[in-house]
Amino acid sequence: MSGGKPCVKATATKRDPLPIRMSVGSRSDGHIRGRSNYKLPAPSRLRHSRHIALGLEDSQTATLSVIASPGQGRPIPEHMFGISFEEINHAGAGGIWAELVCNRVALRMEILCDDDGPNICPSGGVGIHNPGYWGMNIERGEIYKIALHVKSNDSIDLYISLTSSDGLQNLATTDIKSNTLDMSQWTKVELLVRASGTNVNSRLQLKTNKKGVIWLDQVSVMPLETYKGHGFRKDLASMLADLKPQFLRFPGRSDNNETTSLGNDVIDPQEAQQAFEIVEANLGGAKGGSYAEGGWLNNAFRWRDTIGPWEERPGHFNDIWKYWVDDGLGFYEFLQLAEDIGADPLWVINAGISHNDQDTLDGIEFARGDSGSKWGCIRAAMGHSDPFLLNYIAIGNQDCSMRNYRGNYFRFHSAIKKAYPDIKVISNCDGSSGYLDHPADMYDVHVYASADSMFSMSHYFDWTPRVGPKALVSEYAVTGSGAGKGSFLAALAQAGFLIGLERNSDVVEMASNAPLFVNDNDRRWNPDAIVFDSWRHYGTPSYWMQHFFKESSGAIFQPSNLQSTSSKLVASAIRWTNSDNGNDYLKIKIVNYGGDLVNLKISVTGLANHVRALGSTNTILTGKLTDENSFSNPEKVVPIVYMLPNAGKQMNVSVSPYSINALDLLLAPESSTAVTDI
């Protein structure tokens, strides 16, 4: 909490080893909220167009032959595409976790003035305030739950308000009144207030005009309405759910050596040093570690300390990204978030550097154990009587090169498999170019590269051994100057890379982009998928690119043959079913990384179904390579859906330069003979 009047002395207790003081910047209120929740238009509003062409001067021709016969297809893994979360950029604290108070620490407030006598308090009283994470977003008509623990040997007359940053606009007020000794022991107080106005740059204010000493601890303000009632910010969680992720990797991904040549990283050497210097500067020269493991052992994410009542969680310092987290977003909440967005949790555990195998087994029991087990009982008491579906465990994060990793890995692998043989265990050691020397269900690969290198890696897994553990590409991102804060160029290159993963989905089991979130006030890493502040949000082009692959998990991959003189063109085809209406589609994705228009002739063979032109669409993501979305223009680069009147087994399609395209061909039921193929 921060305060500031001469009549008040406020001191943080030892429970706050590193208090954070936030400065509150100005806000603009001239933007429409929620504009980045882009929804595909209804068929009646789809645009009629055969292609979009931007600055066309040259054109090329190419042919794409799709083999759509059922016998030639193979299933794509059910959990092919997901998301990877890390507490970076205030992604959780001050982000998707809806807590509005920053740094809920124990505080001693000594009031030196009084309501009468020689030292009278000024009008309105004196006190302290907390600005939240760069301002609290308070909305008119919304209900907020204020909770705090209070202790005092004096009578209390404490006014609690949500106000504008200057304190002049009062949005909601309540109070705590007690006689002497009523609160001589710690007392939890919970209050509900309804906001009478809107202000995106608000603060929590506690004032009194009574002399005395008041102790405050674990002060919290949460909106009553959160995503599925589980404490997550609705707009941000909805953006995750819209991606239809099949897994959620947590609690941490990248470490601050992300761009150095670790054993399981695929790095563009020309940009490695530059990127490392940027990260090192952001971290004040610190090296090593990850959020899951901590740069120092005492700062590791310890799941036991993040469960139970939130006021009993000690919190810890995120020494990788240099800010305090209160662990309101803890192990239980990660599991709950995965369930809420329809994803399977993938837990990255500490690889034995500071934890032991029993600690991990206890964590698995907390997630999967029945309500009668020791740790399952605690989970049930928190509100989730049924077990969570925890089926994936990654042993460490980028630890393969660590001296003791293999020895620790064998111990963890043996213990987990003995107790839970169905859990898939993931190694940090790269098996894409050779065989692992230890047992694993999957191996983890991280890919950070320039845009050109990323696109060329569309063929990276073409030569991977087809037997043995499968790949988890848990982190991929374009880095370097071309990536900007989330450029269309980065999205375009990543789309080409994902086409390659889809084509090699017989050896690639799962993949996720990273980082996921960035609070615009605390950019520690660029680019990121989703940008937000206290009241706004938007998806970068890379976020919208991922929408092109959200139907791929569990779909049928159909082989295809692309013939083109350009190396800048890649394509794939899948067959998928819309779970909302049961319609079947053949989706053909084309990524044109080049600057020329491509006249593409598409031929589909082996398809027993007719293709219905009405209901078939072409979704396109395109723009200038340097284009980025922003708060002022959140939809500068978003997918646009066009009707496809020439949809059929034989088609000529104009593919715009620098574009991501998805042709969704609506398939008539095989028994249908009323529709003539086009």
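Predicted model: local features only at pLDDT ≥ 70, side-chain atom pairs only at ≥ 80, totals over all residues.
Reader: Is Pro387 buried, partly exposed or exposed?

Author: The relative accessible area of Pro387 is 38%. Buried means under 20% and exposed means over 50%, so a residue in between counts as partly exposed. Pro387 is therefore partly exposed.

Reader: Which residues does Pro387 touch, not counting residues up to four places away in sequence?

Author: One of them is Gly369, 18 residues apart from Pro387 along the chain, with 6.1 Å separating the two C-alpha atoms. Leaving out residues up to four places away in sequence, Pro387 touches Ala367, Arg368, Gly369 and Arg379.

Reader: Thanks! Why is strand 24 largely enclosed by the rest of the structure?

Author: Strand 24 covers residues 470-478 and runs parallel to strand 23 (residues 442-449), with eight bridges joining them. Within this pairing, Tyr448 has Ala477 of strand 24 as its bridge partner. Strand 24 is largely enclosed because, of its nine residues, the number buried is eight.

Reader: What is the order of the open sheet of three strands?

Author: The pairing in this sheet is mixed. Its edge strands, each pairing on one side only, are strand 26 (517-519) and strand 28 (537-539). On average, neighbouring strands are turned by 20 degrees against each other, direction ignored. The order is 26-27-28.

Reader: Which helix packs on that sheet?

Author: The helix in question covers residues 234-242 and touches strand 26, strand 27 and strand 28. Its direction makes about 15 degrees with that of strand 28. This is helix 1.

Reader: Now for the second largest pocket: which residues of its lining are the closest to its centre?

Author: This pocket holds about 630 Å³ of space. Strand 10 (143-151), strand 13 (187-194), strand 15 (212-223) and helix 3 (331-340) each supply at least two residues of the lining. Among the 26 lining residues, the closest to the centre are Trp97, Met222, His230, Gly231 and Trp310.

Reader: How many residues of that lining are nonpolar, polar and charged?

Author: The lining of the second largest pocket is made up of 26 residues. By class, they are nine nonpolar, nine polar and eight charged.

How values were computed
Residues numbered from 1 in each chain as written. Heavy atoms only, no water. Pairing = 2+ DSSP bridges. Helix = DSSP H or I, 4+ residues; strand = E, 2+ residues; numbered from the N terminus. Axes fitted to C-alpha atoms, helices over the stretch in contact; angles between N-to-C directions. Contact = heavy atoms within 4.5 Å. Buried < 20%, exposed > 50% of the residue type's maximum accessible area, 1.4 Å probe, protein only. 1 Å grid on protein atoms, 1.4 Å probe; cavity = no way out; pocket = protein on both sides within 12 Å on 5 of 7 lines; lining within 4 Å. Points joined across faces, edges and corners; volume = space filled by probe spheres on them. Nonpolar A, V, L, I, M, F, W, Y, C, P; charged D, E, K, R; others polar.
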